[in-house]
There are 2 protein chains.
Amino acid sequence: ADPDAGRKLARQCQTCHGLDGIATIPIAPHLAGESQIYLETQLKAFRSGKREHEIMSVVAKGLSDEDIANLAAWYASIRITATMPD
Amino acid sequence: ADPDAGRKLARQCQTCHGLDGIATIPIAPHLAGESQIYLETQLKAFRSGKREHEIMSVVAKGLSDEDIANLAAWYASIRITATMPD
């Protein structure tokens with residue numbers, strides 16, 4: 001999988017999920033640093049109808065297996081750090 | 001919603017998702033910093049059967065609306081930062 005190709009494809013994701021995978025709206029999850037397998041599994045679930053969302057079910061239908069692998073590689077390549085509240 | 005109560009409940013989540021919401025295994029998503037509404041929506045979707053996963057569908061059935069709100073408040077209270085690759 002090619003994260004640079006995924007980064008280009010992620011232009012269509014960034015309105016909601018951010019190019020860096022930090023979501024811009026509360027109904028969308030952050031994708032930054034999620035694993036390759038998790039991201040691929042969810043995109044394929046949206047594409048097949050196993051998982052449903054009014055936007056993602058449409059978006060995923062336009063993605064090939066290669067697109068999905070590349071998008072997953074992009075978001076998986078982002079490093080995240082978490083800070084718990086005091 | 002009470003994030004401290006959620007933190008206690010999150011003991012049952014931490015094997016896969018981490019107490020700080022950084023997942024410990026690739027098939028599980030990071031939850032750190034996801035929004036209250038996203039986390040509640042997903043837990044309720046697993047509870048109702050709208051979203052399916054062999055582990056989460058079982059776990060979610062044991063959660064009340066209050067439990068879900070508190071768990072979401074805990075994971076939403078964690079701050080994350082993302083660093084894109086060069």
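Trainee: How many residues are in contact between chain A and chain B?
Mentor: On the chain A side 28 residues are in contact with 29 residues of chain B, where contact means heavy atoms within 4.5 Å. Keep in mind that this is a predicted model: local features need pLDDT of at least 70, side-chain atom pairs count only at pLDDT 80 or more, and totals for chains, interfaces and linings use all residues. Residues are numbered from 1 along each chain as its sequence is written, chains are lettered from A in the order in which they are written, and side-chain values use heavy atoms, with hydrogens and water left out.

Trainee: What area is buried between chain A and chain B?
Mentor: About 2,500 Å², with carbon and sulfur atoms giving 58% of that. Buried area is the accessible area (1.4 Å probe) that two parts lose on being put together, summed over both.

Trainee: And how many salt bridges are there between chain A and chain B?
Mentor: Zero between chain A and chain B, counting a side-chain nitrogen of Lys or Arg within 4 Å of a carboxyl oxygen of Asp or Glu.

Trainee: Which elements of chain A touch chain B?
Mentor: α3 (36–48) and β1 (79–83) of chain A each supply at least two residues of that side. Helices (H or I, at least four residues) and strands (E, at least two) are DSSP runs, numbered from the N terminus. The largest share, five residues, comes from β1(A).

Trainee: What does β1(A) join to in chain B?
Mentor: Five bridges join β1(A) to strand β1 (residues 79–83) of chain B, and the two run antiparallel. Strands pair if DSSP finds at least two bridges between them. As one example, A:A82 has B:I80 in β1(B) as its bridge partner.

Trainee: New topic: what superposes chain A on chain B?
Mentor: A rotation of 180° with 0.0 Å of shift along its axis, at RMSD 0.0 Å. The same surface serves both, as 100% of the contact residues of chain A recur in chain B.

Trainee: Back to salt bridges, how many over all chains?
Mentor: Four. Among them, the side chains of A:R47 and A:D65 meet at 2.5 Å, N to O. A:R47 lies in helix α3 of chain A and A:D65 in helix α5 (residues 65–76) of chain A, so this pair ties together parts that are 18 residues apart in sequence.

Terms used: Least-squares fit on C-alpha atoms with pLDDT ≥ 70 in both.
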